[in-house]
Amino acid sequence: MGLIFKCFTGSYWYLIMKLKLFYYYFFALLLSSIILRYPSDHHASGNTDSFDNFSEAVLLSDLGYHFYFFNFLSFIGAYPLSRNMGGSTFLSAFSLLTGLDIEISILLISISFGILGALNHSILYRYFDKSKIMFLISFTILTFSPLFLTYTNWNYSYRVGTFIIYPLVYFSFFKLLET
C-alpha cells in the first residue's frame with residue numbers, strides 16, 4: 001500500500017529521476033575524462049620511464065625472451081640482479097594478442113588504466129561515504145588532477161599501478177577488518 005501511495009504522490013518517481021541524474025553526471029564525467037586522455041600528438045609522450053618500458057616491450061616482442069629473467073620474482077623486481085619486467089611483459093603480450101602496434105597498445109592501456117583507477121576510487125569512496133554529491137566532487141578531483149592525468153595520458157609508467165591497485169587493497173583491508 002505504501003508503494004502505491006508513493007507512486008501517486010510522486011516521491012517514488014522523484015527518487016528514480018534523482019538517481020538517473022546522478023548516473024548521467026557520473027557517465028558524463030567518465031566520458032570527459034576519456035576525452036581528456038585522447039592524445040593530441042601522433043606519438044606517445046611521457047617521461048624516460050615510459051620510453052624505457054616501450055623499448056623493453058619492443059625488445060621482448062622481437063626476441064621473445066627477457067635478459068634479466070632469473071626467477072618468478074623477477075617480474076616484480078624482487079629477485080637479486082633483476083629488473084621489474086611484469087609491466088613490459090604485459091605490454092608486449094597485450095600488443096601481440098591484439099595485433100596492434102605497441103604505441104597504440106600504450107594508448108589503450110593508459111586510457112583503460114585511467115578508467116580503472118577512477119572506478120576503483122569510486123568503490124573505495126562509496127565504502128566510507130554514501131553521499132552522491134561528495135562522491136561526484138571527489139571523482140572529479142581525482143580524474144582531473146594533473147598527476148593522475150600525466151600518468152594515464154598515453155604514458156606507460158609502472159607507477160600508475162599505485163593509482164589502480166591501492167584503492168582495491170585498502171578496500172579489501174577495511175572489509176577484512178570489518179568481519
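**Exercises: a pocket and a helix pair**

The largest pocket here has a volume of about 270 Å³. On a 1 Å grid over the protein atoms alone, a pocket is an open set of points where a 1.4 Å probe fits, with protein on both sides within 12 Å along at least five of seven lines; lining residues have an atom within 4 Å of a point. This is a predicted model, where local features need pLDDT of at least 70 and side-chain atom pairs 80 or more, while totals for chains, interfaces and linings use all residues. Residues count from 1 along each chain, and side-chain values use heavy atoms, without hydrogens or water.

**Exercise 1.** Find which helix supplies the largest share of the pocket lining.

*Solution.* Start with the helices (DSSP runs of H or I, at least four residues). H4 and H8 (160-178) each supply at least two lining residues. H8 takes the largest share, with 5 residues. The lining includes Phe 90, Phe 113, Tyr 156 and Ile 164. By class, 7 lining residues are nonpolar, 5 polar and none charged.

**Exercise 2.** Describe how H5 and H6 pack.

*Solution.* First, H5 (residues 102-128) and H6 (residues 132-143) pack at about 145°, with axes 10 Å apart. Next, their crossing is right-handed. Then look at the contact (heavy atoms within 4.5 Å): among its residues are His 121 and Tyr 125 of H5 and Phe 135 and Leu 142 of H6. This contact has 6 nonpolar, 5 polar and 2 charged residues.

**Exercise 3.** Locate the lowest confidence in the chain.

*Solution.* The chain mean is 80. Helix H1 (residues 2-9) is lowest, at a mean of 49.

Key
pLDDT is the predictor's confidence in each residue, from 0 to 100. Grid points are joined across faces, edges and corners, and a volume is the space filled by probe spheres set on the points. Ala, Val, Leu, Ile, Met, Phe, Trp, Tyr, Cys and Pro count as nonpolar, Asp, Glu, Lys and Arg as charged, and the others, Gly among them, as polar. Axes are lines fitted to C-alpha atoms, for helices over the stretch in contact, and angles run from 0 to 180 degrees between N-to-C directions. A crossing is left-handed if the near helix is turned anticlockwise from the far one by less than a right angle, and right-handed if clockwise.
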